[in-house]
Amino acid sequence: MSVKDILGKRNVLSFEVFPPRTDAGMEKLCGAGGVMEKLYGLNPDYISCTYGAGGTNVGKNLEVLEKIASDGKTVPVTHFTCIGNTKDGIRRQLNAYLDRGINHMLALRGDLPAGWTGTGGDLHYASELVEFVRREFADRFTVAVAGSPEGHIQCSSIEEDIAFLKQKQDMGADYIMTQLCWDMDQFRRWLDAIRAAGIHLPVDIGIMPILDQKATINMALSRNGCVMPRALCEIISRYWIFPDPFTNATEKGQPSDPMAEQKKADFRKAGIEYTIRQIEEYLSCGIDGIHLYALNKYEDVAYIAKEAGLLDRDREKLTV
């Protein structure tokens with residue numbers, strides 16, 4: 001069954017992983033008894049796999065997804081970008097995915113590598129990629145597209161961003177996977193706005209578990225200028241590691257925070273609780289699924305999924 005079909009019946013639960021760069025990382029993720037096999041035990045409806053800017057690490061991406069497909073426990077979904085891709089190259093790559101039983105994709109323009117001013121390929125926008133996939137492959141792929149509740153940082157307005165999302169729907173997208181958003185008021189405004197604009201696609205919410213100060217701040221500010229609500233900022237401030245989470249004080253000859261390890265543990269606990277509350281808020285909005293960034297780990301996302309009530313297979317009751 002395709003993810004599109006599942007979304008038509010009930011809420012979905014899914015995870016995102018990334019392709020490790022080392023053999024040891026691949027073994028930890030994909031080896032016997034590894035993270036992937038543990039994630040299967042949570043009965044996800046799909047697992048997506050990213051790859052780096054400009055298509056870096058795409059070989060490992062295919063290796064991870066091929067394992068998911070061959071294991072047959074859930075649906076594999078590949079991220080796929082326009083960056084550096086010709087039409088012939090896209091055609092070959094997508095045929096290679098199909099040959100390995102991978103027929104779901106998240107169609108993206110992709111983050112531009114440093115110094116790039118365009119995609120460096122034949123296609124320049126995700127809407128063009130969706131159109132190309134439908135023209136070349138018809139319905140052989142289930143196609144997800146990204147939605148930005150706060151608006152893409154390169155769009156001049158939220159209205160312009162929603163218009164681009166409508167184009168992706170019109171080109172044949174099947175569902176929306178949202179970018180990170182902690183601002184629940186803005187999310188609710190965005191959800192109302194896309195529906196008013198005629199966008200009827202199911203909405204699957206991307207959630208990054210809040211586990212580490214540095215990663216949380218980096219994800220918010222380096223990707224899309226995400227708003228950090230007061231409640232989240234208070235957690236960061238309460239467990240601030242001096243001089244700052246980005247600095248290795250010892251290497252720089254500065255005094256280290258004597259409470260650093262305890263603060264990390266306390267922040268992790270508070271961040272997990274915050275993530276669970278946010279999932280509950282999202283579910284109250286009547287969204288169609290939760291897509292947890294697993295960060296190639298198991299214990300934290302398993303705990304979050306359980307405590308948020310996401311492991312109930314009758315997920316129809318999760319929609320309020």
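Asn-296 is found in the loop between strand E8 (289-293) and helix H12 (299-307); helices (H or I, at least four residues) and strands (E, at least two) are DSSP runs, numbered from the N terminus. The model is predicted, so that local features need pLDDT of at least 70 and side-chain atom pairs count only at pLDDT 80 or more, while totals for chains, interfaces and linings use all residues. Residues are numbered from 1 along each chain as its sequence is written, and side-chain values use heavy atoms, with hydrogens and water left out.

Although Asn-296 is not a glycine, it has a positive phi of about 60°. At 10% relative accessibility, Asn-296 counts as buried, where buried means under 20% relative accessible area, exposed over 50%, and partly exposed in between (1.4 Å probe, protein chains only). Most residues other than glycine have a negative phi, and most peptide bonds are trans. The peptide bond from Phe-242 to Pro-243 is cis, with omega near 5°, and Pro-243 is placed in the loop between H10 and H11.

| Residue | Phi | Relative accessible area |
|---|---|---|
| Asn-296 | about 60° | 10%, buried |

In helix H2 (residues 23-30), the buried residues are Met-26, Leu-29 and Cys-30. Seen down the axis of H2, these fall within an arc of 75°, so they line one face of the helix; the arc is that of the directions from the helix axis to the C-beta atoms. The other side of H2 has Ala-24, Glu-27 and Lys-28 exposed. The cover over the buried residues of H2 includes strand E1 (12-17), helix H3 (35-40) and helix H4 (58-71), contact meaning heavy atoms within 4.5 Å.

Helix H10 (residues 230-238) has Leu-232, Ile-235 and Ile-236 buried. Viewed along the axis of H10, its buried residues fall within an arc of 95°, so they too line one face of the helix. Arg-230, Ser-237 and Arg-238 are exposed on the face of H10 turned away from its buried side. An α-helix has 3.6 residues a turn, so residues three or four places apart point the same way.

Helix H8 (residues 184-196) and helix H11 (residues 260-284) have axes that come within 11 Å and cross at roughly 25°. Axes are lines fitted to C-alpha atoms, for helices over the stretch in contact, and angles run from 0 to 180 degrees between N-to-C directions. H8 and H11 are therefore roughly parallel to each other, the class for angles under 35 degrees. Met-184, Phe-187 and Arg-188 of H8 and Gln-278, Glu-281 and Tyr-282 of H11 make the contact.

Strand E5 (residues 142-147) contains Val-143, which counts as buried at 0% relative accessibility. Leaving aside neighbours within four places in sequence, Val-143 is in contact with Met-105, Ala-107, Val-130, Val-133, Arg-134, Ala-173, Asp-174 and Tyr-175. Val-143 and Asp-300 are 157 residues apart along the chain, and their C-alpha atoms are separated by 29 Å.

Conventions: Angles under 35 degrees count as roughly parallel, over 145 as roughly antiparallel, 65 to 115 as roughly perpendicular and the rest as oblique.
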